[in-house]
Amino acid sequence: MPGAYAYYPGCTQESSAKEYGESTKLVCEELGIELHEIDGWTCCGASSAHTTNHLLSVALPARDLQVAEEMGMPVAVICAMCYSRLKYASHELNDPKTLALVNEVIEKDFQNTTQVLHLLEILDKERIPVRKPLKRLKVVCYYGCILARPKKVTHFDDEENPQIMDRLLGKLDAVSIDWGFKTECCGASLTLSRRDLVRDLSHRVLEAARRAGADCIVVACPMCHSNLDMQQAGIAEQHGSKADIPIIYFTQLVGLSLGLNPGRMMFDRHFVDPQPLLREKGVI
Amino acid sequence: MARIGVFLCYCGTNIGGVVNIPRVAEAAKAMPEVVFVQDNKYTCSEPGQLEIRNAIVDKSLDRVVIGCCSPRMHEKTYRKAVESAGLNPYLLEIANLREHCSWVHGNDKDRATSKAIELVKMAVAKVSRHESLFPKEVPVTKRALVIGGGVAGIQAALDIANSGYEVVLVEKQPTIGGRMSQLDKTFPTLDCSACILTPKMVDVAQHPNIRLITCAEVKKIKGFVGNFEIDILRRAKKVDETICTGCGVCMTKCLVRTPSEFDLGMRNRSAIYVPFPQAIPLKAIIDTDHCGHFQYLRERQEGRDVPDCNICQQTCPAEAIRYDQEDEIITERFGAILVATGFKTFDHSAYGEFGGGRYPDVISSLQLERLMSASGPTSGEIVRPSDKTHPKTVVFISCVGSRDDNKGRSYCSKICCMYMAKQSIMLKEHDPDVQSYIFYIDIRAGGKDFDEFAQRAQDEYGVLYLRGRVSKIAQEGKKLIVYGEDSLMGHPVQIPADMVVLATGVEPNDGAPALAQILNVSYDTHNFFVEAHPKLRPVETQTDGIFLAGCAVGPRDIPESVAHGSAAAVKVTALFSRDTLATDPMVSTIDQMRCVGCLACAEVCPFNAIEPQVLRDGRVVASVNESLCKGCGLCVATCRSGCANLKGFTLQQLLAEVNSLWR
Amino acid sequence: MTTTTVIPSVSREFLLAVQQESQQNVLRCYQCGKCSAGCPLAYAMDLGPRRVMRAVQLGLKDYVLSCTSIWICVSCETCSVRCPREIDIARVMESLRMISVEEGFSPAEKEVEIFHRAFLEVIEKRGRAFETELVASYSMGGVGALRTSMGNIALLPGMLSKGKLAIVPPSVSGANDVKKIFAKVREIEQRETSGGSE
């Protein structure tokens with residue numbers, strides 16, 4: 001049964017990952033999943049907080065968790081990094097001393113009862129009325145490094161071979177190819193400071209997708225999307241490959257399969273345009 | 001009025017260096033009922049014991065207190081000495097002035113001496129209330145039960161049988177042989193495993209003193225050392241073993257194909273099958289879960305109609321098929337039980353990073369043994385399970401399911417370093433073009449000629465050893481990309497392999513904890529059986545009459561398992577060398593005049609030694625089986641009416657000890 | 001380049017400090033190398049996670065706090081979930097970063113640290129990560145940062161035309177709360193370093 005969730009969009013929804021946020025909203029609307037954006041939500045701290053200050057890295061997400069607790073709804077989140085930080089905070093706040101200290105910082109009385117779910121977990125339980133099947137489009141599902149790890153914090157899926165996105169794509173009549181790079185890191189936050197390393201790592205992911213025979217890569221994280229899509233031309237230059245693998249958010253594909261207008265999926269915002277591929281395969 | 005003699009030992013300087021013995025002696029002289037006090041540098045020595053014996057006779061002593069080291073050291077010795085002077089050996093009490101006093105209070109001699117005086121005072125008060133105790137004699141049934149027909153169990157059974165005693169060997173599988181029968185070659189000699197094992201298996205089959213029962217398990221145990229009564233469940237093979245010749249015609253006719261357990265799923269077998277060509281007993285067995293006839297019976301019960309199959313029954317030349325054969329319970333009496341239930345290997349599908357069992361060319365070490373074996377699924381040709389081609393690059397990974405807290409197996413499985421060396425050597429022998437790589441953390445090669453063997457793999461067979469664990473295996477087309485590290489160079493390494501062999505760890509077989517519960521013996525967090533003492537009593541358990549051998553106790557190799565089996569056999573034959581056994585008289589007694597029959601004591605007894613007894617007047621009271629009782633005292637503590645008492649540690653004696661401290 | 005490690009003059013206090021900060025028993029590590037084997041960035045690091053753990057075990061404070069490894073690590077947690085001794089290695093790396101900043105070591109990967117500092121500055125100010133300002137703030141953090149930032153210039157037209165760069169900062173009603181959180185955290189840290197109890 002579709003439910004109601006406190007929606008945590010994440011900072012990139014307002015700029016570089018707008019297509020992710022938009023397609024999410026459209027898909028949830030179509031499926032009857034209510035998303036109530038957390039009022040005045042603030043940054044989860046991403047990798048920068050937990051890299052430099054432990055208390056800060058728990059306090060920042062705790063602030064949003066507490067607002068959601070007041071709203072009385074579980075949190076729905078789409079960015080893998082935000083999901084990880086919110087989950088970590090919930091996990092650490094199980095310790096009463098930490099909870100007390102963080103409550104002192106956020107000046108609230110958080111009880112740590114908020115449940116945090118990634119949209120993939122929510123959709124896994126939903127019936128998806130597929131009106132326009134994806135015509136056996138060959139995809140590989142790229143989960144990124146932190147969605148499934150560590151299992152004892154996220155309880156998301158199998159750490160080494162997660163299946164939740166593959167199952168979803170299967171429901172949409174895409175062919176989700178088994179490959180060995182599901183959870184290999186793309187380079188994460190090193191985009192600005194060590195772009196060469198991001199290009200190396202993302203290149204490996206792209207090559208693995210090519211070797212697996214995939215038409216495109218499906219992602220669930222704005223950072224992964226950015227590294228694989230925006231940097232693909234640069235990667236092609238650095239490594240002598242081609243920039244020819246579209247990187248698509250799973251919500252965009254769900255949207256297409258629900259019969260929503262492809263134009264609203266904002267494919268024009270991608271650096272590697274998926275539309276030629278999707279047209280060729282008869283998906284749009 | 002008792003006549004108590006107190007003997008104080010200096011124990012060299014162990015006691016005398018801390019406790020002021022003369023002062024203790026002075027105090028002892030003044031204690032009630034003490035008529036004689038003497039000290040000695042080493043009371044346990046020959047002259048020391050002589051002094052005690054002489055004093056008992058000369059001074060007409062009827063109770064003895066010895067202030068010395070822990071009774072665990074010399075209580076037996078002193079009891080013998082006392083007995084040889086004509087006194088009941090249980091009219092003795094030891095005050096532990098060493099472990100309980102001088103060894104722990106070395107820095108406060110004054111107070112240590114006061115404590116020593118108190119300890120002697122307590123012992124004097126207790127021994128005054130001692131009564132003579134007399135051990136009982138129980139007969140010994142000179143038949144041994146060996147549970148488990150692997151090499152340890154086989155060796156033990158042969159040794160006991162060769163000593164002239166009857167042995168019943170019970171094996172859960174349809175054939176004996178255990179893990180060793182699945183191996184191709186053994187380290188470090190590269191002997192053919194079947195060639196060295198099958199003669200022993202045949203000896204077991206032909207030995208007049210050994211009765212072999214396969215497809216059987218122990219279900220219930222009653223009794224005590226020398227007098228066990230065991231219920232053995234023998235599962236029906238659906239074949240009459242007395243008629244079946246093991247000819248194998250049934251296997252060729254059966255239409256069912258199901259993965260073979262013996263070949264670890266690398267080959268199929270039929271529903272009626274002989275486990276392997278050298279099986280003992282060489283008899284067919286029907287796997288009713290997959291047999292067409294039994295499937296037909298199950299479906300018919302559900303009201304569905306499917307065709308029946310009787311092919312084996314129709315084609316068996318000896319007419320040995322018995323579809324309606326039933327399981328049976330065999331009850332037998334034994335004097336000793338020997339547990340040799342062996343091991344299985346760790347299921348590597350727990351390692352998601354190695355493919356989680358999904359990659360057909362990532363196999364376990366035991367699966368490789370089957371591939372290498374001439375009677376294996378590929379007749380000894382080493383090929384990739386996926387496409388039957390010959391692998392040229394093979395990677396071995398050590399410590400899979402060993403030394404890994406992440407998987408709940410913290411221990412080292414001991415044999416893997418050696419068998420990886422062996423397997424890599426054998427691969428090269430099969431195919432000179434093969435290049436093997438072994439990822440290891442440490443090399444454990446402690447046995448005789450073991451280290452040289454492991455070195456040979458590197459020197460002579462060109463196997464490349466890389467120190468570092470493997471993080472992940474990814475399937476890329478036909479190759480398996482292995483991501484590891486060479487920590488000696490400090491570089492990450494990647495190897496595109498044709499086949500990966502995982503050195504899966506040793507763990508106890510599935511039925512081990514259940515068996516331990518039935519037998520009431522201890523097992524540890526990893527389900528290995530626990531020895532009575534890890535150093536000094538490696539083949540015994542805390543339960544008298546139950547012995548251990550082989551990998552059921554912990555990871556060990558073939559020479560150790562064989563030695564273990566023989567060692568356990570000696571313990572059994574030592575037990576059988578007497579016609580009767582003396583039982584410990586320090587057991588619980590129930591005052592049946594006052595017992596109300598609540599049987600709370602029976603409920604708490606860990607040894608099931610208390611049973612209800614109906615007296616002549618119809619009253620139900622508790623009754624202690626003195627052979628089972630271990631004198632733990634739980635019943636005494638539990639009894640509400642105070643009618644349970646422990647001989648040698650009666651409530652009166654213990655209270656006297658406490659009271660003596662207030663005088 | 002190798003250094004001779006003189007034992008026992010190595011710093012045991014450093015080992016204990018790292019264990020306390022990370023809540024991990026570093027001595028449990030038996031140097032199997034599974035972490036380095038699976039680390040996607042080990043090839044670019046000077047030490048790799050295994051050798052970082054070894055350096056901490058030996059108390060080689062200066063050596064490890066001035067290595068690039070701790071800054072190149074992106075906390076992908078691959079090492080932590082596979083470690084057979086169940087050590088959260090990523091957490092140890094985190095602690096080393098924090099201690100290195102606290103003790104005033106110059107990060108061996110300057111730009112990485114500048115990035116994190118810029119990010120935190122922006123969210124403290126705005127309540128959310130405003131990417132345009134983040135890039136600007138980062139670029140001004142140093143010559144190296146500016147250079148790496150300029151390297152992305154080719155993407156700028158595409159980003160602007162596709163609307164991936166917001167020109168206007170977001171208006172966040174929770175921004176004030178975030179400022180207060182930062183201030184409170186600083187206050188608590190001050191309290192602790194001046195002799196408060198943990």
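Predicted model: local features only at pLDDT ≥ 70, side-chain atom pairs only at ≥ 80, totals over all residues.

Colleague: Why is V400(B) called buried?

Modeller: The cut-off is 20 or more other C-beta atoms within 10 Å. V400(B) has 28 C-beta neighbours inside 10 Å, so it counts as buried. The residue is found in strand β21 of chain B, residues 393-400.

Colleague: Which residues does V400(B) touch, leaving out those up to four places away in sequence?

Modeller: F346(B), H348(B) and Y351(B) are on the list, along with L502(B), A503(B), T504(B) and G505(B).

Colleague: What makes β10 and β29 of chain B edge strands?

Modeller: The open sheet has five strands in the order β10-β7-β6-β18-β29 (chain B), with parallel pairing. β10 (210-213) and β29 (546-548) each have a single partner strand, so one side of each is left without a neighbour in the sheet. From one strand to the next, the twist averages 20°.

Colleague: How do you know that β6 and β18 of chain B pair?

Modeller: Pairing takes at least two bridges. Four bridges join β6 (residues 143-147) to β18 (residues 336-339) in chain B, and the two run parallel, so by that cut-off they pair. One of the links has A336(B) as the bridge partner of A144(B).

Colleague: Which helix lies across β6, β7, β10 and β18 of chain B?

Modeller: That's α6 of chain B, residues 151-162, which runs at about 165° to β7(B).

Colleague: Over in chain A, why is helix α12 called mostly covered?

Modeller: Buried means 20 or more other C-beta atoms within 10 Å, and eight of the eight residues in α12(A), 250-257, are buried. F250(A), L253(A) and G255(A) are among them. The buried residues pack against α1, α8, β7 and β8 of chain A. Just after the helix, G259(A) takes a positive phi of about 90°.

Colleague: What makes V75(A), I217(A) and V218(A) stand out in the largest nonpolar core?

Modeller: Of its 159 residues, those three touch the most other members. Beyond four places in sequence, I217(A) is in contact with V140(A), Y142(A), A209(A), L228(A), I245(A) and I247(A). Another core, of 133 residues, lies apart from it and includes A144(B) and V572(B).

Colleague: And how many residues does each chain bring to the contact?

Modeller: Chain A gives six and chain B gives seven. The chain A side has no nonpolar, two polar and four charged residues.

Methods
Residues numbered from 1 in each chain as written. Chains lettered and ligands numbered in written order. Axes fitted to C-alpha atoms, helices over the stretch in contact; angles between N-to-C directions. Contact = placed C-beta atoms within 7 Å. Buried ≥ 20, exposed ≤ 12 C-beta atoms within 10 Å, placed from the backbone. Nonpolar A, V, L, I, M, F, W, Y, C, P; charged D, E, K, R; others polar. Core = buried A, V, L, I, M, F, W, Y, C linked by C-beta atoms within 7 Å.
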